[in-house]
Amino acid sequence: MAANDIKKISVSELRLGMYLVGFDGNWLSNPFWTSRFLLASADELRQARASGLAECWIDTSLGADVAPVAPARSTAGAAPVAKRRRAPPQAAGALSMEEELQNAARLCQTARASIFSMFSQARLGKIADTHFCSALVDDIVRSVERHPGALISLSRLKYEDDYTYMHSVAVCALMVALAKAMKLSDPDMREAGLSGLLHDIGKARIPLEILNKPSSLSDDEFATVKRHPEHGFEALRHGGVSDSVREACLHHHERMDGAGYPHRQAGKAISLMARMTAVCDVYDAITSDRPYKRGWDPADALSKMISWKGHFDPTVLSAFIEVVGIYPTGSLVRLKSEKLAVVVEQNKQSYTRPTVRAFYCIASTRAIPAELIDLSGTEEDCVVGSEDRERLPTAVIEKLWAGELYRER
């Protein structure tokens, strides 16, 4: 580690994939149990930004730099983010989850900037230039193929001013993973990713005061928002995309029972890409925090989607469950070892044994140093069920969701 690798930045500049070395300020305000680790989860980033501290120090030799982003560097010799338990060996040339999180963090930054530019052009009434999207989708496909949980997890982290853009990235990643699970061809998998990336381009024509309203919409405002599929279909008329992508943009709010919009299509009259986009779009929307509501826990969201008869194509929804798992990435779960944990990655060989990040001991009612546990590699521990955050003691809820989780020792 060289002195010029240590850089002081504002806490607002922190991004996933950065290696945090310390905060500049009162150490009592430090939201973490340690200040030397790789920022690898959305919760960690939220806690840092909610700390009230203005500046911090990062080590660019062990993690990402501020934009413009330097090429990825080896993390050899870095302090481990968390303890692994019998993690399976990496294939030659494969990336670890931590390395993919760094790649995914950089990809999210690039994607957000590109989509923001495209929306800005569309907002000015210009023809949406979608040619750059193909390269972006290729990058997303490669990331999802390496570690689907990394990009899907990071893209769930959205802020008030970039929800629409990051929602597009999240739906793109989910669509790629869904197409792969459905064994679609490589060209169709890329079409699926492009459909996810562009499905909400019509929202560029919706007034920002409606789009970013921090409370529920009135009936008239909702009627305005419901026109975005048609706006998007028109915006893509000369955008160089296929009819399949345009159809997904136009019909991703249709329902299998014909109760959707804008054309009340039903059943197989709705294109496959539109039926796929409907599932991915709703899942990301209801699991995302918005100014007027807290996102649902991913496991609860999946359960509710299954219960909405007539809404989704059952075959597509079944394949989607295979993608996100029985305990989806981001789910709060209870372990046999009496720990609370968040699911961070699925295990394709056993969907009941994902990789989790444990952070709280129920027996001692204390926060513990974050521990990455590959449940497929141990017989000693397992998920015993989803944890309902509403049933947790108030003090635990506050520590878990208000960014004070790591203050206790």
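Helix H6 (residues 186–198) packs against helix H10 (residues 243–251) in this predicted model, with axes 9 Å apart and an angle of about 40°. Axes here are lines fitted to C-alpha atoms, for helices over the stretch in contact, and angles run from 0 to 180 degrees between N-to-C directions. H6 and H10 are therefore oblique to each other. Angles under 35 degrees count as roughly parallel, over 145 as roughly antiparallel, 65 to 115 as roughly perpendicular, and the rest as oblique. From H6, the residues Glu191, Leu194, Ser195 and Leu198 take part; they meet Ser244, Val245, Ala248 and Cys249 of H10. Contact means heavy atoms within 4.5 Å. Five of the residues in this contact are nonpolar, two are polar and one is charged. In this scheme, Ala, Val, Leu, Ile, Met, Phe, Trp, Tyr, Cys and Pro are nonpolar, Asp, Glu, Lys and Arg are charged, and the others, Gly among them, are polar.

Helix H12 (residues 298–307) and helix H13 (residues 314–324) cross at roughly 170°, and their axes come within 11 Å. H12 and H13 are therefore roughly antiparallel to each other. H12 supplies Leu302, Met305 and Ile306 to the contact, while H13 supplies Leu317, Phe320, Ile321 and Val324. Seven residues of this contact are nonpolar; none is polar and none is charged.

Glu98 lies in helix H2 (residues 97–123). Glu98 is buried, with a relative accessible area of 10%. Buried means under 20%, exposed over 50%, and partly exposed in between (1.4 Å probe, protein chains only). Glu98 and His147 are 49 residues apart in sequence, yet their C-alpha atoms are 9.9 Å apart in space.

The protein as a whole has 14 helices and nine strands. Helices (H or I, at least four residues) and strands (E, at least two) are DSSP runs, numbered from the N terminus. Of the 409 residues, 53% are buried. Among contacts with a separation of 6 or more, 65% join residues 24 or more positions apart. The accessible surface is about 18,100 Å², and carbon and sulfur atoms hold 52% of that surface. Areas come from the Shrake-Rupley method with a 1.4 Å probe; for residues, only the protein chains shown count as cover.

Residues are numbered from 1 along each chain as its sequence is written, and side-chain values use heavy atoms, leaving out hydrogens and water. As the model is predicted, local features need pLDDT of at least 70 and side-chain atom pairs count only at pLDDT 80 or more, while totals for chains, interfaces and linings use all residues.
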